[in-house]
Amino acid sequence: MERDADEKPALQEEEFLSGRSLLVAAGFSCFLALQTYCGLSIALPLALGHTQEYAVVLRIVSILAVIVVYVVGDVKADWVASHYASVLVPAVALGIVPFVAKAAVLSFGFDLGMAALVTWAMLGVSFAASGFLWCLIMSQNSLRQNVLTVAFSAFFSVMIYVATCAAEPKQLGLVGMAIVIVAELAIFNQLVKGVPWDGPVAEDDDGSFRETGPEMFWTACHSAVYGMVLVVTVAHGLKAALVVGACGAFGALLSIMAKHWSLNRLLASRQVQQLSLPFVVATLLLIPSCDEAGLVVCAGLNTSLNAFSMVLKWCEASEMNQEFRLHAIRRYAKTGIPTWLGMLVGTVLGWYVFMRQPSLGDGEHLVLVGLSFLLLLSFALFSLGETRRFDFASLGAGGVVPAGRGSDGFFVQSCKKVALEHGLTPRETEVFILLAKGRNAEFIEKELVVSHSTARSHIYNIYKKLGISSHQVLINMVEDRKRK
């Protein structure tokens with residue numbers, strides 16, 4: 001008897017209560033705390049007495065280190081995955097150095113000088129490598145993650161961030177962050193025991209799984225705006241950074257509420273980003289007229305929506321990587337590069353336009369209007385691309401419905417024969433016929449009037465029963481059946 005996707009939440013609730021899920025949530029909380037720290041990373045240098053300009057330079061160095069690691073992860077994904085224990089784990093451990101070094105500076109009163117740049121580069125390397133580790137855990141572990149696991153992780157990560165940054169004396173908070181990284185590594189080592197890391201992995205060469213140019217442009221522009229708002233707001237000091245960082249807990253609560261009301265089946269991470277577009281544009285245009293409190297409110301709202309989107313994105317990516325055996329590290333690196341390039345541009349613009357002396361004056365408005373135009377343009381191009389993909393694109397068919405895959409009876413009969421041979425249910429057979437015609441998951445959702453998770457669940461079950469990991473193989477099976 002077929003188990004519909006709508007029956008899965010009860011099972012997932014039981015999974016969440018398992019000890020392994022709680023361990024995943026604890027370790028992932030440590031990673032997200034480090035992510036929050038990197039996102040608001042100019043706050044502590046300012047609190048330690050550095051100038052705004054030097055604090056921005058340290059942030060730029062850490063972002064550049066993140067981008068370099070992502071590029072390596074993209075180019076050498078197989079090598080990174082197979083050498084995770086000897087490469088990624090030591091890279092994550094590097095993150096302990098910056099916090100211990102800063103604690104030593106406060107305790108003994110010496111100056112790190114140019115060595116501070118090296119320590120902040122280590123922070124960026126540690127964060128990026130940590131993301132790779134958790135990408136592997138989420139995507140290749142036999143335990144399928146769910147919204148609750150990631151959402152609770154996001155919530156508790158905010159608590160960790162606030163506790164460590166607000167701790168007095170500051171050395172206590174810095175040592176606390178170092179301990180957080182040690183705890184993350186210990187939890188990771190527990191989670192990887194007995195996990196089959198050498199299972200089959202499909203190359204990420206299917207058009208439905210790759211981010212398109214407009215999609216990457218949209219991601220970069222959105223991140224640039226978010227990065228600018230953060231750097232301008234956090235430049236007001238550690239108190240502003242604590243409030244803005246704490247707003248991430250609200251985004252995590254939104255995720256938990258979405259899970260409770262099953263809204264996560266209707267909302268995707270991209271949709272949350274698109275829904276937040278009016279708020280982002282309004283924030284941009286309001287920056288010159290906002291005081292510190294206004295900036296904190298605007299940045300906090302953006303942080304909440306970004307946290308909500310992040311939770312959904314991690315869940316979507318981990319499920320898709322696991323179900324279709326995609327290369328988790330390569331996909332994570334590809335999506336991370338435009339995000340952090342945008343953060344880099346936003347950081348530089350935020351400093352150059354609003355923080356340096358003298359400021360641009362009226363030129364500030366021109367920069368903000370220009371950035372708003374780019375953001376809206378990227379959204380329009382992305383939406384147009386999504387519309388075209390819905391109308392014409394297919395999983396592995398190059399965007400064109402292949403000739404001969406119409407509604408002819410011979411084609412449908414061939415599909416039904418393959419479905420019968422592999423024990424597909426009637427509903428799965430409907431989905432199978434649409435896949436064989438070259439339709440993608442988004443089309444199937446609307447054609448059959450099912451939720452996103454239900455469509456993905458049917459596709460996953462079909463792939464599993466057919467013993468395949470590529471949509472093109474599915475199409476070839478039907479073509480072979482037609483020739484017989």
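This is a stop-by-stop tour of the model you have open, with something to select at each stop.

**Before you start**

You are looking at a predicted model, in which local features need pLDDT of at least 70 and side-chain atom pairs count only at pLDDT 80 or more, while totals for chains, interfaces and linings use all residues. Numbering runs from 1 along each chain as its sequence is written, and side-chain values use heavy atoms, with hydrogens and water left out.

**Stop 1: the whole chain**

Switch to cartoon: the chain has 23 helices and zero strands. Those are DSSP runs numbered from the N terminus (helices are H or I, at least four residues; strands are E, at least two). Colour by accessibility next, and 55% of the 484 residues come out buried. Here buried means under 20% relative accessible area, exposed means over 50%, and partly exposed is in between, using a 1.4 Å probe and protein chains only. For contacts between residues at least 6 apart in sequence, 84% join residues at least 24 apart; a contact is heavy atoms within 4.5 Å.

**Stop 2: the nonpolar cores**

Select Tyr70, Leu88, Phe99, Phe132, Trp134, Trp314 and Trp340. These have the most contacts inside the largest nonpolar core, which holds 103 residues. Helix α8 supplies the largest share of this core, 14 residues. A core here is a set of buried Ala, Val, Leu, Ile, Met, Phe, Trp, Tyr and Cys residues joined through side-chain atoms within 4.5 Å.

Now centre on Tyr70. Setting aside residues up to four places away in sequence, Tyr70 touches Phe127, Ala128, Phe132, Tyr332, Ala333, Gly336, Ile337 and Trp340. Another core, of 26 residues, lies apart from the largest one; pick out Val418, Ala419, Phe443 and Leu448 among its members.

**Stop 3: the salt bridges**

How many salt bridges does a search of the whole structure find? The search finds four, each one a side-chain nitrogen of Lys or Arg within 4 Å of a carboxyl oxygen of Asp or Glu.

- Lys334 is partly exposed at 32% relative accessible area.
- Move to Arg427 and Glu430, whose side chains meet at 3.2 Å, N to O. They sit about one helical turn apart because three residues separate them in α20 (residues 426-436). Arg427 is partly exposed at 25%, and Glu430 is partly exposed at 37%.
- Is each end buried or exposed? Lys465 is partly exposed at 35%, whereas Glu428 is buried at 2%.

**Stop 4: the second largest pocket**

Select His50, Val105, Asp111, Leu112 and Ala116, which lie nearest the centre of the second largest pocket among its 14 lining residues. α4, α7 (96-108) and α8 (115-140) each give two or more residues to that lining, and α7 gives the most, with three.

The pocket holds about 230 Å³ of space. On a 1 Å grid over the protein atoms alone, a pocket is an open set of points where a 1.4 Å probe fits, with protein on both sides within 12 Å along at least five of seven lines; lining residues have an atom within 4 Å of a point. By type, the lining splits into 10 nonpolar, two polar and two charged residues.

**Stop 5**

Jump to Gln273 in α14 (residues 269-275), which is buried at 12% relative accessibility. Beyond its neighbours within four places in sequence, Gln273 contacts Trp218, His222 and Ser309. Draw a C-alpha distance from Gln273 to Asn306 and you get 7.4 Å, across 33 residues of chain.

Then select Asn302 in α16 (residues 292-324), buried at 9%. Asn302 touches Tyr226, Val280 and Thr283, not counting residues up to four places away. The C-alpha atoms of Asn302 and Val280 are 6.9 Å apart, with the two 22 residues apart along the chain.

**Last stop: a cis peptide**

Most peptide bonds are trans. Zoom in on Glu168 to Pro169, though, and the bond is cis, with omega near -5 degrees. Pro169 is in the loop between α9 (147-166) and α10 (170-191).

Methods. Points joined across faces, edges and corners; volume = space filled by probe spheres on them. Nonpolar A, V, L, I, M, F, W, Y, C, P; charged D, E, K, R; others polar.
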